[in-house]
Amino acid sequence: MEYEDILYEVRNGAAWITINRPEKMNSFRGQTCDEIIRALNKAGYDRSVGAIVLAGAGDRAFCTGGDQSAHNGNYDGRGTIGLPMEELHNAIRDVPKPVIARVQGFAIGGGNVICTICDLTICSDKAQFGQVGPKMGSVDPGYGTAFLARVVGEKKAREIWYLNRRYSGAEAVAMGLANICVPHDQLDAEVQKWAEEICERSPTALAIAKRSFNADTAHQAGIAGLGMYALKLYYDTEESREGVNALKEKRKPDFRKFAK
Ligand SMILES: CC(C)(COP(=O)(O)OP(=O)(O)OC[C@H]1O[C@@H](n2cnc3c(N)ncnc32)[C@H](O)[C@@H]1OP(=O)(O)O)[C@@H](O)C(=O)NCCC(=O)NCCSC(=O)CCC(=O)c1ccccc1C(=O)O
């Protein structure tokens with residue numbers, strides 16, 4: 001079998017990459033990231049594909065970030081923190097085709113980062129966006145913070161990271177985090193419509209436009225690469241583990257004891 005954690009299908013020029021771990025709220029482990037990277041590169045350089053859709057299986061979640069059951073100071077894969085996060089984020093940005101996030105449920109933590117990085121985000125009225133980092137003992141030191149501020153503005157990005165609230169699809173559209181919010185049962189048709197419209201456009205012009213948009217924030221890849229080492233040091237602390245343990249033990253984390 002080519003993939004275990006994702007589904008890959010081309011629908012009339014649109015490559016659909018679907019995280020298929022609904023029992024884990026489509027959170028990702030190392031293998032999931034590797035498979036998404038492989039699928040992105042396959043779709044990105046397949047001449048019959050004009051647009052790429054990133055989705056999550058089932059109704060509950062688009063993606064809820066790193067799989068906390070595979071997280072104990074390190075995740076279970078390769079890379080600085082045990083997940084090839086920088087590579088995954090860069091793959092979304094580097095493929096020369098627009099990537100559309102299809103958000104039908106929770107886009108939380110690292111899942112929120114992924115949809116922030118995607119070129120476009122189309123969500124349903126059941127979508128819920130949000131960050132959980134400081135609530136869970138984690139933080140994205142790269143695109144998830146710095147690029148988010150480019151997308152929604154500095155004040156809103158700081159609110160998202162400092163308070164860890166949840167936002168509806170309509171609120172995501174209002175702050176510029178999503179392009180459009182549609183009724184749940186119309187989501188797939190809407191996503192496919194946008195993808196097919198993109199497929200009719202000049203691939204070279206699209207690739208140049210995407211590279212040009214990316215150029216303005218390319219330095220953030222360097223910040224992310226450096227920040228992952230800081231994140232790894234943080235993951236090795238009791239303070240970070242408090243977040244993971246609290247989720248597992250279904251209790252509120254007590255971070256105050258780590259106040260500096
Ligand atoms: C997603 C929730 C808000 C849903 O809440 P609720 O509806 O109340 O349902 P629950 O009962 O909480 O959850 C149901 C079920 O799903 C499991 N689950 C949910 N998310 C995860 C996950 N990420 N990993 C593993 N399992 C998960 C949950 O445990 C329940 O299982 P049961 O067996 O039924 O008990 C809520 O669940 C929630 O907030 N989940 C945690 C999300 C989370 O912590 N995500 C990742 C951590 S931090 C982060 O992502 C920010 C940092 C970041 O972006 C990053 C940057 C660089 C590298 C890596 C990361 C990274 O992603 O960690």
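Modeller: **Helix H5 and its neighbours**

Helix H3 and helix H5 (residues 143-152) pack with their axes 10 Å apart and at an angle of about 45°. Helices (H or I, at least four residues) and strands (E, at least two) are DSSP runs, numbered from the N terminus. Axes are lines fitted to C-alpha atoms, for helices over the stretch in contact, and angles run from 0 to 180 degrees between N-to-C directions. H3 and H5 are therefore oblique to each other; angles under 35 degrees count as roughly parallel, over 145 as roughly antiparallel, 65 to 115 as roughly perpendicular and the rest as oblique. Their crossing is left-handed, a term used if the near helix is turned anticlockwise from the far one by less than a right angle, whereas clockwise gives right-handed.

On the H3 side, the contact is made by Val113, Thr116 and Ile117, and on the H5 side by Tyr143, Gly144, Phe147, Leu148 and Val151. Two residues are in contact if their C-beta atoms, placed from the backbone, lie within 7 Å. The residues of this contact comprise 6 nonpolar, 2 polar and no charged. Here Ala, Val, Leu, Ile, Met, Phe, Trp, Tyr, Cys and Pro count as nonpolar, Asp, Glu, Lys and Arg as charged, and the others, Gly among them, as polar.

This is a predicted model, in which local features need pLDDT of at least 70, side-chain atom pairs count only at pLDDT 80 or more, and totals for chains, interfaces and linings use all residues. Residues are numbered from 1 along each chain as its sequence is written.

A further partner of H5 is helix H10 (residues 219-235): the two axes come within 9 Å and cross at roughly 150°. That angle makes H5 roughly antiparallel to H10. Tyr143, Ala146 and Phe147 of H5 meet Gln220, Ile223 and Ala224 of H10, and this contact has 5 nonpolar residues, 1 polar and no charged.

H5 also packs against helix H6 (residues 154-163), at an angle of about 130° and with the axes 7 Å apart. H5 is therefore oblique to H6, and their crossing is right-handed. From H5, Thr145, Leu148, Ala149 and Val152 meet Glu154, Lys156, Ala157, Ile160 and Trp161 of H6. This contact divides into 6 nonpolar, 1 polar and 2 charged residues.

The shell residues divide into 11 nonpolar, 11 polar and 3 charged.

Finally, the mean pLDDT (the predictor's confidence in each residue, from 0 to 100) of the protein is 96, and 100% of its residues reach 70 or more. The model scores ipTM 0.93 and pTM 0.96.
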